[in-house]
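Let me put the model up and walk you through the bits I liked.

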Amino acid sequence: MRDPLTVTLAGLPSRVEIYEVGPRDGLQNEAKVLGVELKAEFIRRLIAAGLGAVELTSFVPASWVPQLSDAEELVALLGPLPGRHPVLVPNERGLDRALAAGVKEIAVFASATESFAQRNLNRSVAESLRLFQPVVRRALEAGLAVRGYVSMCFGDPWEGAVAPAQVSAVASELREMGCHELSLGDTIGVATPGQVVELLDTLATAGLGPDRLAVHFHDTYGQALANTLTSLRYGVSTVDSSAGGLGGCPYAASATGNLATEDLVWQLHGLGIETGVDLEALCRTSLWMAGLLGRPSPSRTVNALAASLK
Ligand code: MG
């Protein structure tokens, strides 16, 4: 298999933590619903390929996300795993389920905009943050780590541009609650690098430096890797991505365009940045998954390397 030529650039982290969202953010946005055994196999293969942080599933009511209605079963089937394996939790009921399942880390999902908070969470931004307060407090008391997502950080389909100060206000509240890591989501994939720097500047001024931030870019407009590199240059060293670009199927009307982990790994390894990931094993996993889903992976790197893996 072909590997990227490595040429380093000054001012970048020597190691990046890839936070793999394929099993959760990816599969919840795919039309085809996989059985629990296949999901467990997928996660085991991702871990075997060297991914140290894999978000497993979401403890949402089955009626919200039927694709992930087997959360308890999946976590039990997987058993203890090496590395970091958060689950998404939308409310206290979800936290109760996650605690009963024995997870060590949860993630909560907030919105920077009122329109998305209303549509996704059925509440205002302030109400949703109030809802998360007891979730985060109880999780911390139980010894869990909590990641906070902020979605719609750069643009919103109903409101257009999103002011960095608005993102900063939500991020600051999540940090004050005790979230150890904040993931900044470009949920509709509209950001360009100048906007990324503008937001990171605003957050740094508010005391939220890049060391405990993660970035979550979508490739809808082809900007995910440019935005990622811009974030790395700023000092961010945790990047969310989805194996094979899952959840970003270009053939589906609901395409969301998660950055593909393989495309990210190609860039990072080309820059001499350590990830711990075996790119060939990861591509094989995504080709297997594409077969299960019955359509090609939207990842450029998976497709470029596919022929050499046959
Ligand atoms: Mg996403």
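So, β8, helix α8 (residues 193–205) and β9 form a right-handed β-α-β unit. Right-handed here means that, with the strands pointing away from you, the path from the first strand over the helix to the second runs clockwise. Helices and strands are DSSP runs, H or I over at least four residues for helices and E over at least two for strands, numbered from the N terminus. Before I go on: this is a predicted model, where local features need pLDDT of at least 70 and side-chain atom pairs count only at pLDDT 80 or more, while totals for chains, interfaces and linings use all residues. Numbering starts from 1 along each chain as its sequence is written, and side-chain values use heavy atoms, with hydrogens and water left out.

Back to β8, residues 181–185, which pairs with β9 in the parallel sense over four bridges. Pairing needs at least two DSSP bridges between the strands. S183 has A214 in β9 as its bridge partner, and A214 also stands opposite T238 in β10. On that side, β9 and β10 (residues 238–241) run parallel, joined by two bridges. And there's another right-handed β-α-β unit, made of β9, helix α9 (residues 224–234) and β10.

Zooming out, we have an open sheet of eight strands, paired in parallel, in the order β2-β1-β10-β9-β8-β5-β4-β3. β2 (53–54) and β3 are the edge strands, each pairing on one side only.

Now look along β9, residues 213–216: L213 and V215 point one way, A214 and H216 the other, and all of them are buried. By buried I mean under 20% relative accessible area; exposed is over 50%, and partly exposed is in between, with a 1.4 Å probe and protein chains only.

H216 brings us to the metal. Which residues coordinate the magnesium ion? They're D25 through OD, H216 and H218 through NE2, and N258 through OD1, at 2.0 to 2.2 Å. Along the chain, the donor spacing reads D-x190-H-x1-H-x39-N. D25 sits in helix α1 (residues 22–26) and H218 in the loop between β9 and α9, so this pair ties together parts 193 residues apart in sequence. D25 and H218 are both buried. Donors are N, O and S atoms within 2.8 Å of the metal (3.2 Å for Na, K and Ca), and since water is not among the atoms, a site may look incomplete.

Next, aromatics. Ring centres of Phe, Tyr or Trp (its six-membered ring) must lie within 6.5 Å; planes under 30 degrees apart are stacked, over 60 edge-to-face, and the rest tilted. That rule gives three aromatic pairs. One of them is F109 with Y149: centres 5.6 Å apart and planes at 50°, so tilted. F109 is in β4 (residues 105–111) and Y149 in β5 (residues 145–151), 40 residues apart. Y149 is buried, at 2% relative accessible area. F154 and F217 make a tilted pair as well, at 6.0 Å centre to centre and 40° between planes. F154 lies in the loop between β5 and β6 (155–156), and F217 in the loop between β9 and α9, so parts 63 residues apart get tied together. Both F154 and F217 are buried.

That's my tour; questions welcome.
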